[in-house]
Amino acid sequence: MSAHIVKVLEARFITHDVKRFKVEKPEGYDFIPGQATVVSINLPEWKDEIRPFTFTNLRDAKYLEFMIKIYSDHNGVTKLLGKVNAGDELIIHDVFGAIHYEKPGVFIAAGSGITPFISIFRDLYNKNALRGNRLIYVNKTMDDIIMGEELFRMLKKDFVNVLTRQNVIGYRERRIDRNYLIENIIDFSQHFYVCGPDDFVKEITTILLDLGAKSESLIFEV
């Protein structure tokens, strides 16, 4: 597994617990929108503690970008990443990931599971090819929504926010379950892209298959 030490160019919180990092891009380093790499902090006691994070930048950007949820309630990698700033160093490795864009469909994301879709949407938006795609994005509260303004600017009426623990005008308060999918999706023969916590992905993909989605039209991280 190759390793590249990269300097942090910019680091700042974009929600109460999600921090955006822009880092140097190694020469020749490339990825497909939706893919990820494993990252560690370039400190002696932390450099072997690798964690997977998705690229959110455009493919041709001169930097790499990650949007990382910070868990400050336990002493782990993300807690320390919460203290990493411009000038510090990270270590990135090879590119991997099964999430990629094939054709228009419905994207279903929970929480920080939106991150692989951000790069895909940015790429399609730049190519004027977003038409026919829809995003259903579930979070606990409004404050948890990542890059909401940009997603709305790109997707407009095809950006649907679902909140599970907050009732706010303009947002739907409920879970994404079988009934929700039946009520809000007409065509289950189209492509579906699903990302979020493992249990969420397993539940949603199982329901989609049961409702008629084809396994070859489901794109998610195994």
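**Sheets, helices and selected residues in a predicted model**

The crossing of H2 and H3 is left-handed, a term used if the near helix is turned anticlockwise from the far one by less than a right angle, with right-handed used if clockwise. Helices (H or I, at least four residues) and strands (E, at least two) are DSSP runs, numbered from the N terminus. The structure is a predicted model, in which local features need pLDDT of at least 70 and side-chain atom pairs count only at pLDDT 80 or more, while totals for chains, interfaces and linings use all residues. Residues are numbered from 1 along each chain as its sequence is written, and side-chain values use heavy atoms, with hydrogens and water left out.

The two helices pack at an angle of about 40 degrees, and the axes of H2 and H3 are 10 Å apart. H2 is therefore oblique to H3; angles under 35 degrees count as roughly parallel, over 145 as roughly antiparallel, 65 to 115 as roughly perpendicular and the rest as oblique. Axes here are lines fitted to C-alpha atoms, for helices over the stretch in contact, and angles run from 0 to 180 degrees between N-to-C directions. On the H2 side, Phe121, Arg122 and Tyr125 take part, meeting Glu150, Leu151, Arg153, Met154 and Leu155 of H3. Contact means heavy atoms within 4.5 Å.

Turning to the sheet, six strands form an open arrangement in the order S4-S3-S6-S1-S2-S5, with antiparallel pairing. Strand S4 (51-54) and strand S5 (63-69) are the edge strands, each with a single partner strand, so one side of each has no neighbour in the sheet. From one strand to the next, the twist averages 40 degrees. Two strands are said to pair if DSSP finds at least two bridges between them. Within this sheet, strand S3 (residues 36-41) and strand S6 (residues 89-96) are joined in the antiparallel sense by five bridges, and Thr37 is found opposite Val95 in S6. Helix H2 (residues 115-126) packs on the sheet and touches S4 and S5, with its direction making about 145 degrees with that of S5.

Val6 belongs to strand S1 (residues 4-13) and, at 2% relative accessibility, is buried. Buried means under 20% relative accessible area, exposed over 50%, and partly exposed in between (1.4 Å probe, protein chains only). Leaving aside residues up to four places away in sequence, Val6 touches Val23, Glu24, Pro26, Asp88, Glu89, Leu90 and Ile92. Val6 and Ile50 are separated by 44 residues in sequence and by 14 Å in space, C-alpha to C-alpha.

Two loop residues next to strands of the sheet are also buried. Asn57 sits in the loop between S4 and S5 and has a relative accessible area of 1%, so Asn57 counts as buried. A polar atom of the Asn57 side chain lies 2.9 Å from the backbone nitrogen of Glu65. Such a polar contact is a pair of N or O atoms within 3.5 Å; within protein, one must be able to donate a hydrogen and the other to accept it, and residues adjacent in sequence count only if both atoms are side-chain atoms. With residues up to four places away in sequence not counted, Asn57 touches Phe31, Tyr63, Leu64, Glu65, Ser119 and Arg122. Gln35, in the loop between strand S2 (18-24) and S3, is buried at 14% relative accessibility. The Gln35 side chain places a polar atom 3.4 Å from the backbone oxygen of Gly97.

S7 pairs in the parallel sense with strand S11 (residues 191-195) over five bridges, and Ile108 stands opposite Val194 in S11. S7 also pairs with S8 in the parallel sense over five bridges, with Leu135 in S8 as the bridge partner of Phe107.

Finally, two loop residues call for a look at the backbone. Most residues other than glycine have a negative phi, and most peptide bonds are trans. Asn128, which is not a glycine, has a positive phi near 55 degrees. Asn128 lies in the loop between H2 and strand S8 (134-139) and is exposed, at 73% relative accessibility. Lys156, likewise not a glycine, has a positive phi of about 50 degrees and is located in the loop between helix H3 (148-155) and strand S9 (159-163).
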